[in-house]
Amino acid sequence: MPVPEPVVDVPAGDTKKGAKLFKAKCAQCHTIEKGGNVKQGPPLFGLIGRQSGTCDGFAYSEANKNSGIIWSDKHLYEYLLNPKKYIPGTKMVFAGIKKEKERADLIAYMAEMS
């Protein structure tokens with residue numbers, strides 16, 4: 001059963017800044033282009049609207065597969081703040097992004113790439 005979206009307002013983001021953030025903070029473990037490969041993390045192309053834990057070819061944690069999250073800007077906004085708190089038991093070893101504007105920029109870029 002899908003988890004309701006968090007009640008948050010996601011600020012407008014800058015896709016160009018988001019692209020730089022993706023390259024600096026995400027590209028080591030993830031691809032974002034269509035047909036991108038599985039790396040340490042799953043490909044993120046088409047993430048918005050996708051059920052958590054369902055990208056073929058990646059071995060997700062049970063926590064991620066069973067989270068009930070359908071990825072949206074609001075879920076991502078909260079998840080990217082502290083992934084291990086948002087999905088306890090996730091394999092993602094990223095500490096999170098504390099700055100609201102940086103999270104918004106990254107989400108804007110990810111949405112554009114979806």
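**Contacts, helices and rings**

Modeller: Starting with H30 in this predicted model: leaving aside neighbours within four places in sequence, H30 is in contact with F22, K39, G41, P42, L44 and M92.

Biologist: Where is H30 in the fold?

Modeller: H30 is in the loop between α1 (15-25) and α2 (62-65).

Biologist: Buried or exposed, that H30?

Modeller: H30 has a relative accessible area of 12%, and the cut-off for buried is under 20%, so H30 is buried.

Biologist: What lies 2.7 Å from a polar atom of its side chain, I mean H30's?

Modeller: The backbone oxygen of P42.

Biologist: Switching to helices. At what angle do α1 and α5 pack?

Modeller: About 95°, with the axes of α1 and α5 (residues 100-112) 7 Å apart. The two helices are therefore roughly perpendicular to each other.

Biologist: Which residues make that contact?

Modeller: From α1, T15, K17, G18, A19, L21, F22 and K25; from α5, E102, D105, L106, A108, Y109 and E112. By class, the contact has 6 nonpolar, 2 polar and 5 charged residues.

Biologist: And rings. How many aromatic pairs does the structure hold?

Modeller: It holds 4. One of them is F58 with Y60, edge-to-face, at 4.8 Å centre to centre and 75° between the planes. Both F58 and Y60 are buried.

Biologist: Why is the pair of W71 and Y79 edge-to-face?

Modeller: The planes of W71 and Y79 are at 65°, and over 60 counts as edge-to-face. Their ring centres are 5.0 Å apart.

Technical notes: Residues numbered from 1 in each chain as written. Predicted model: local features only at pLDDT ≥ 70, side-chain atom pairs only at ≥ 80, totals over all residues. Heavy atoms only, no water. Helix = DSSP H or I, 4+ residues; strand = E, 2+ residues; numbered from the N terminus. Buried < 20%, exposed > 50% of the residue type's maximum accessible area, 1.4 Å probe, protein only. Polar contact = N/O pair within 3.5 Å; in protein donor to acceptor, adjacent residues only side chain to side chain. Contact = heavy atoms within 4.5 Å. Axes fitted to C-alpha atoms, helices over the stretch in contact; angles between N-to-C directions. Parallel < 35°, antiparallel > 145°, perpendicular 65-115°, else oblique. Nonpolar A, V, L, I, M, F, W, Y, C, P; charged D, E, K, R; others polar. Phe/Tyr/Trp six-rings, centres within 6.5 Å; stacked < 30°, edge-to-face > 60°.
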